[in-house]
Amino acid sequence: MPFARLASATTPTCHIGLGLAAVGRPGYINLNRDEDLGEDRSVDALRARTHELLDAAYAQGVRYFDAARSYGRSEEFLAAWLKNRPGLDDIVVGSKWGYTYTADWSTDADTHEVKDHTLATYERQRAETDALLGDRLDLYQIHSVTPDSPALTDKELHAKLAEAAARGLTVGFSTSGPAQADAIRAALAVTVDGEPLFRTVQSTYNALETSAGPALAEAHDAGLTVIVKEGMANGRLAGPHAPDVLKEIAGQTGLGCDAVALAVVLRQPWAGVVLSGAATTQQLASNLHAAVVDLDDDQLTRLATLAEDPRAYWERRGQLPWH
């Protein structure tokens, strides 16, 4: 498992990863995006921003970097950064397949990405990822598995994924939607020749959306590395938009709402890696303070009151505009 590399890291931030969803393409659903990125969202501008973030993250102890075929040019940007650092052998690189980016570098496209979990899409996107990341890729994940995803039942696809695993690639999956727990449990049951197929799971979990927690604990107990995405709820837990309870507790700690929100996730015993989706180096630095946030029982009890019904949470997320 490539995540064994993190076990030897000594920095408190080694279990915080950097996700590139927000900087690999000009449009995304995170709040405050206009302020974060400004008007220049050219390929060159976002490439430079991504490289600046990767440099800052690595310098501050981050060792997992997460991309996807649908994150615009995230793989391309990451590959160029890695090419200039051939001796960097203490990091873990993950990407995902299953969505195709269709916005053509526009922020107002009718459709930004198209989901398809068929074997044909896997083979096409695997070739695309290989052309960019090659042997630097450690983890390849099925993007946003839901309980009805054909990826859970396609035996031919499972066989191809198992072949990739036999050649050294770690195979995982991510989840989305109000039935994340059901998708996780269904994926845990997928085997090839009697052996579990998946070695990692990446799911949404944050102070507002906690429903996947028990299933993620089961995945951890089954030996999977758990990666948590959207710990900031697409900006809903950041300073300007944070609930009053979170603002009050952040004030007590002397750190940002973002650091407290991510600290809630980091303290879960099953959380192997928690992703920062920072779009600026200032946001990244603030996010990384999560590793040193100390929350007492009373504060944790108050933060637990923020949890929403998962259906309401995902309905609101689905209404967020692509900025």
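Pro-147 is partly exposed, with a relative accessible area of 41%, where buried means under 20% relative accessible area, exposed means over 50% and partly exposed lies in between, all with a 1.4 Å probe and protein chains only. The model is a predicted one, in which local features need pLDDT of at least 70 and side-chain atom pairs count only at pLDDT 80 or more, while totals for chains, interfaces and linings use all residues. Residues are numbered from 1 along each chain as its sequence is written, and side-chain values use heavy atoms, with hydrogens and water left out.

Pro-147 sits in the loop between strand E6 (139-145) and helix H6 (155-166); here helices (H or I, at least four residues) and strands (E, at least two) are DSSP runs, numbered from the N terminus. If its neighbours within four places in sequence are set aside, Pro-147 is in contact (heavy atoms within 4.5 Å) with Leu-152, Ala-179, Asp-182 and Ala-183. The C-alpha atoms of Pro-147 and Gln-283, which are 136 residues apart along the chain, are separated by 34 Å.

### The nonpolar cores

A nonpolar core is a set of buried Ala, Val, Leu, Ile, Met, Phe, Trp, Tyr and Cys residues joined through side-chain atoms within 4.5 Å. The largest one in this model has 93 residues, and those with the most contacts inside it are Leu-18, Phe-65, Leu-78, Phe-173, Phe-198 and Leu-246. Helix H10 (residues 257-266) gives the most to this core, with eight residues. Apart from this core lies another, of eight residues, among them Leu-139, Ile-227, Val-273 and Leu-275. In soluble globular proteins, nonpolar side chains tend to be buried together.

Which residues does Leu-78 touch, not counting residues up to four places away in sequence? They are Leu-20, Leu-54, Phe-65, Ala-67, Val-93 and Leu-133. Ala-57, which has its place in helix H3, is buried, with a relative accessible area of 0%. Leaving aside its neighbours within four places in sequence, Ala-57 is in contact with Leu-18, Val-62, Phe-65 and Leu-284.

### Two helix pairs

The table sets out two pairs of packed helices; the axes are lines fitted to C-alpha atoms, for helices over the stretch in contact, and the angles run from 0 to 180 degrees between N-to-C directions.

| Helix pair | Angle | Distance between axes |
|---|---|---|
| H3 (residues 43-59) and H4 (residues 74-83) | about 55° | 10 Å |
| H9 (residues 244-253) and H12 (residues 297-304) | about 160° | 9 Å |

Angles under 35 degrees count as roughly parallel, over 145 as roughly antiparallel, 65 to 115 as roughly perpendicular and the rest as oblique. H3 is therefore oblique to H4, whereas H9 is roughly antiparallel to H12. A crossing is left-handed if the near helix is turned anticlockwise from the far one by less than a right angle, and right-handed if clockwise; the crossing of H3 and H4 is right-handed, and that of H9 and H12 is left-handed.

On the H3 side, Val-43, Leu-46, Arg-47, Thr-50, His-51, Leu-54, Asp-55 and Tyr-58 meet Glu-76, Phe-77, Leu-78, Ala-80 and Trp-81 of H4. The residues of this contact of H3 with H4 divide into eight nonpolar, two polar and three charged, where Ala, Val, Leu, Ile, Met, Phe, Trp, Tyr, Cys and Pro count as nonpolar, Asp, Glu, Lys and Arg as charged, and the others, Gly among them, as polar.

Seven of the ten residues of H4 are buried, so this helix is largely enclosed by the rest of the structure. The buried ones are Ser-74, Glu-75, Phe-77, Leu-78, Ala-79, Trp-81 and Leu-82, and what covers them includes H3, strand E2 (64-66), strand E3 (92-97) and helix H5 (119-133).

In the other pair, Val-245, Leu-246, Glu-248, Ile-249 and Gln-252 of H9 make the contact with Gln-299, Arg-302 and Leu-303 of H12. By class, the contact of H9 with H12 has four nonpolar, two polar and two charged residues.

### Further single residues

Thr-121 lies in helix H5 and is buried, with a relative accessible area of 5%. Not counting residues up to four places away in sequence, Thr-121 touches Trp-97, Gly-98 and Asp-116.

Asp-104 has a positive phi of about 55° although it is not a glycine, and a positive phi of about 55° is also found at Asn-234, again not a glycine. Asp-104 lies in the loop between strand E4 (99-101) and strand E5 (113-115) and counts as exposed at 70% relative accessibility. Asn-234, in the loop between strand E11 (225-229) and H9, counts as buried at 5% relative accessibility.
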